[in-house]
Amino acid sequence: MYSVIRTIFNEEHELFRQSVRDFIAKEIIPNNADWEKNKMVSRESWKKLGENGFLCLQASETYGGMGIQDFRFNAIFIEELGLSGCSGPAIGYPLHSDIVFPYVQHYGTESAKSKYIPGMVSGDLIGAIAMTEPGAGSDLQAIRTTAEDKGDHYLINGSKTFITNGFLCDIGVVAAKTDPSKGAKGISLFIVDKDMVGFSKGVPFEKVGLHAQDTCELFFEDVKVPKENLLGKVGEGFKYLMTELAQERLIVALAAVALAETTFKLTVEYVKNRAAFGKMVSDFQNTRFKLAEMGAKLEQGRIYVDQLVMLHNDKKVDGAMASSAKYLMTELQCDVSDECVQLHGGYGYMWEYGVARAFADARVQRIYAGTNEIMKELIARKILG
């Protein structure tokens with residue numbers, strides 16, 4: 001597709017890519033339509049991912065993982081999911097491995113790691129991250145969920161909403177106020193598991209897109225959470241969130257480029273085979289120019305995120321850089337999906353066409369993981385110092 005040759009991957013990476021691609025072709029693409037009807041992927045798919053070693057790649061061998069420290073492997077997994085066009089799985093699986101797992105890995109007690117990481121690696125435990133609340137979206141300092149210290153445990157009360165993997169989750173990384181008077185410095189993080197009394201889930205939302213993603217509300221009513229399930233130190237939760245959100249936003253950017261590439265490819269094939277006014281749609285200058293514009297921007301985007309993957313491998317991607325990637329690539333994804341619907345004409349508005357689903361799925365990318373307006377604010381802070 002591109003004229004610029006990608007240089008960041010070696011033979012080992014490409015072998016891994018082929019194994020991921022083969023798995024997706026066999027286990028994900030044929031099932032995605034049913035998952036969209038069910039509003040969630042199957043639990044079996046999680047276990048098959050675990051059996052094939054595709055979950056939590058960074059987990060150490062001590063906990064049943066592979067101990068891979070090269071983020072390029074993660075990027076390949078995210079990219080191939082995006083290239084499949086299966087947007088729900090392309091979001092849910094990486095969220096578990098590359099967003100939820102790092103909190104447990106980096107801040108969990110030894111007791112928590114031993115209890116939860118093996119199941120996360122095997123796919124027996126599905127992870128979610130619970131930050132957003134009905135009255136607090138991107139403004140994390142405004143959360144109202146509380147965690148009261150009761151001596152040998154914390155008592156959590158509150159609710160979370162728009163939680164990816166929410167309905168299927170076995171564990172959630174929950175942000176709560178341990179000291180409401182201290183603002184951001186009063187936020188702590190906890191691992192809450194589904195077996196804890198008082199933890200309940202709402203039904204999956206009827207969303208515009210991402211129909212295979214089990215997004216729902218989570219409720220906490222006097223949930224007793226043992227002290228060993230505290231992540232890191234009390235009051236340090238906001239700092240941990242700001243640290244880990246850089247990778248989350250990079251992941252969203254990687255998925256956005258791959259999903260946009262798939263939509264673009266579908267459209268190229270469509271216009272080459274669709275006739276109008278006595279010739280192929282691809283023969284019209286407007287079509288050719290639109291494809292040229294999108295192709296050039298996608299190539300630029302691919303080179304950009306490849307560079308960020310390499311910088312992230314060296315731990316050189318900061319919050320502003322990740323915010324720039326998330327902002328630019330999700331805007332690109334939405335622009336491409338919109339243009340591709342237009343080039344499909346009326347068929348682009350039909351759900352049976354992949355471009356229609358891609359259009360619906362793309363829109364939320366500009367909202368979660370921090371709205372793109374928040375991304376611009378974070379970028380501006382670095383610029384202005």
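Is Lys382 buried, exposed or partly exposed, and what relative accessibility does Lys382 have? At 48% relative accessibility, Lys382 counts as partly exposed, where buried means under 20% relative accessible area, exposed over 50% and partly exposed in between, with a 1.4 Å probe and protein chains only. This is a predicted model, in which local features need pLDDT of at least 70 and side-chain atom pairs count only at pLDDT 80 or more, while totals for chains, interfaces and linings use all residues. Residues are numbered from 1 along each chain as its sequence is written, and side-chain values use heavy atoms, with hydrogens and water left out.

**Salt bridges**

- The count comes to 27 salt bridges, a salt bridge being a side-chain nitrogen of Lys or Arg within 4 Å of a carboxyl oxygen of Asp or Glu.
- Asp318 and Lys382 meet through their side chains in a salt bridge of 2.6 Å, N to O. Asp318 lies in the loop between α8 (285-313) and α9 (319-344) and Lys382 in helix α11 (residues 372-384), so the pair ties together parts that are 64 residues apart in sequence; helices (H or I, at least four residues) and strands (E, at least two) are DSSP runs, numbered from the N terminus.
- Asp318 is partly exposed, at 29% relative accessibility.
- Glu80 and Arg17 form a salt bridge between their side chains, at 2.7 Å from N to O, and this pair links distant parts of the chain, with Glu80 in helix α4 (residues 71-83) and Arg17 in helix α1 (residues 11-28), 63 residues apart.
- Glu80 is buried, with a relative accessible area of 4%, and Arg17 also counts as buried, at 6% relative accessibility.
- Glu80 and Arg17 belong to a network of salt bridges that also links Arg6, Glu14, Arg21, Glu79, Glu261, Arg302 and Asp306.

**The largest pocket**

- The largest pocket has a volume of about 1300 Å³; on a 1 Å grid over the protein atoms alone, a pocket is an open set of points where a 1.4 Å probe fits, with protein on both sides within 12 Å along at least five of seven lines, and a volume is the space filled by probe spheres set on the points, which are joined across faces, edges and corners.
- The pocket is lined by 49 residues, lining residues being those with an atom within 4 Å of a point, and Thr132, Ile367, Tyr368, Ala369 and Gly370 lie nearest its centre.
- Helix α7 gives the most to this lining, with ten residues.
- The lining divides into 28 nonpolar, 14 polar and seven charged residues, where Ala, Val, Leu, Ile, Met, Phe, Trp, Tyr, Cys and Pro count as nonpolar, Asp, Glu, Lys and Arg as charged, and the others, Gly among them, as polar.
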